[in-house]
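Reader: I am new to this structure and would like to learn how to read its features one at a time. Please give the general idea first and then the case at hand.

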Amino acid sequence: MVIHTGDIIVKCGLCHKEIKKGEKIYQARTYFIFVCSECCILFTDEEVEIALMVFFGYGGFFGKLRSSNTSIKEVLKDILMELQSKNKKINPEDVDEFNLTLLHRALLYGITIKEYVQGLEILSK
Ligand SMILES: [Zn+2]
């Protein structure tokens, strides 16, 4: 953790909210990007690095498409319906790409990585 002391407007690399002067922040190791105190509560250091990597690869930010009751099940259903409408199937070699797409979409909806993992665990039972 470092303390933000400058007068420059700094935005969180995950949620894009302005980081207030004096707010405790985290500086990501991989991309040297600041993360706000709220995201530091929601994400472990490792999860911050993963989420930043996903946003670098796919764009957007945490909570960009946030709605009140979007669950991982609904996100998964939406992606599957999109694939179905394009007559695309998930081949075994596409599973990693599909998983990244699902994680990215979940993050856009404001679903944390912890909630994502818990949601998948519930769905797999
Ligand atoms: Zn944030």
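Author: Start with burial. A residue is buried if 20 or more other C-beta atoms lie within 10 Å of its own, exposed if 12 or fewer, and partly exposed in between, with C-beta atoms placed from the backbone. Tyr-26 has 20 C-beta neighbours inside 10 Å, so Tyr-26 counts as buried. Before going on, note that this is a predicted model, in which local features need pLDDT of at least 70 and side-chain atom pairs count only at pLDDT 80 or more, while totals for chains, interfaces and linings use all residues. Residues are numbered from 1 along each chain as its sequence is written.

Reader: What share of the 125 residues of the protein chain counts as buried?

Author: The share is 22%.

Reader: Is Ile-41 buried or exposed?

Author: Ile-41 counts as exposed, because it has 8 C-beta neighbours inside 10 Å. Ile-41 belongs to helix α1, residues 37-42. Between Ile-41 and Ala-51 there are 14 Å in space, C-alpha to C-alpha, and the two are 10 residues apart in sequence.

Reader: How do I read the way two helices cross, for example α3 and α4?

Author: Axes are lines fitted to C-alpha atoms, for helices over the stretch in contact, and angles run from 0 to 180 degrees between N-to-C directions. Angles under 35 degrees count as roughly parallel, over 145 as roughly antiparallel, 65 to 115 as roughly perpendicular and the rest as oblique. The axes of helix α3 (residues 72-85) and helix α4 (residues 95-108) come within 10 Å and cross at roughly 125 degrees. The two helices are therefore oblique to each other.

Reader: Which residues of α3 and α4 make the contact?

Author: Two residues are in contact if their C-beta atoms, placed from the backbone, lie within 7 Å. From α3 the contact takes Ile-72, Val-75, Leu-76 and Ile-79, and from α4 it takes Thr-101, Leu-102, Arg-105 and Ala-106. For classes, Ala, Val, Leu, Ile, Met, Phe, Trp, Tyr, Cys and Pro count as nonpolar, Asp, Glu, Lys and Arg as charged, and the others, Gly among them, as polar. The contact of α3 with α4 has six nonpolar, one polar and one charged residues.

Reader: At what angle do the axes of α2 and α4 cross?

Author: The axes of helix α2 (residues 45-58) and α4 cross at roughly 100 degrees and come within 10 Å. That makes α2 roughly perpendicular to α4. On the α2 side, Ala-51, Val-54 and Tyr-58 meet Leu-100, Leu-103, His-104 and Leu-107 of α4. By class, the contact of α2 with α4 has six nonpolar, one polar and no charged residues.

Reader: What is a nonpolar core, and which residues of the largest one touch the most other members?

Author: A nonpolar core is a set of buried Ala, Val, Leu, Ile, Met, Phe, Trp, Tyr and Cys residues joined through C-beta atoms within 7 Å. The largest one has 26 residues, and Leu-14, Val-35, Cys-39, Val-48, Ala-51, Ala-106 and Leu-107 touch the most other members. Two or more residues of this core come from each of β4 (24-27), α1, α2, α3 and α4. The element that gives the most is α2, with five residues.

Reader: Where is Ile-111, and what does Ile-111 touch?

Author: Ile-111 sits in the loop between α4 and α5 (113-123). With 22 other C-beta atoms within 10 Å, Ile-111 is buried. Leaving out residues up to four places away in sequence, Ile-111 touches Ile-72, Ala-106 and Tyr-116.

Reader: Which loop holds His-16, and what is its phi near?

Author: His-16 is in the loop between β2 (10-11) and β3 (18-19). Its phi is near 65 degrees, a positive value in a residue other than glycine. His-16 is partly exposed, with 14 other C-beta atoms within 10 Å. Asn-87, in the loop between α3 and α4, has a phi near 55 degrees, again a positive value in a residue other than glycine. Asn-87 counts as exposed, with 6 C-beta neighbours inside 10 Å.

Key:
Helices (H or I, at least four residues) and strands (E, at least two) are DSSP runs, numbered from the N terminus.
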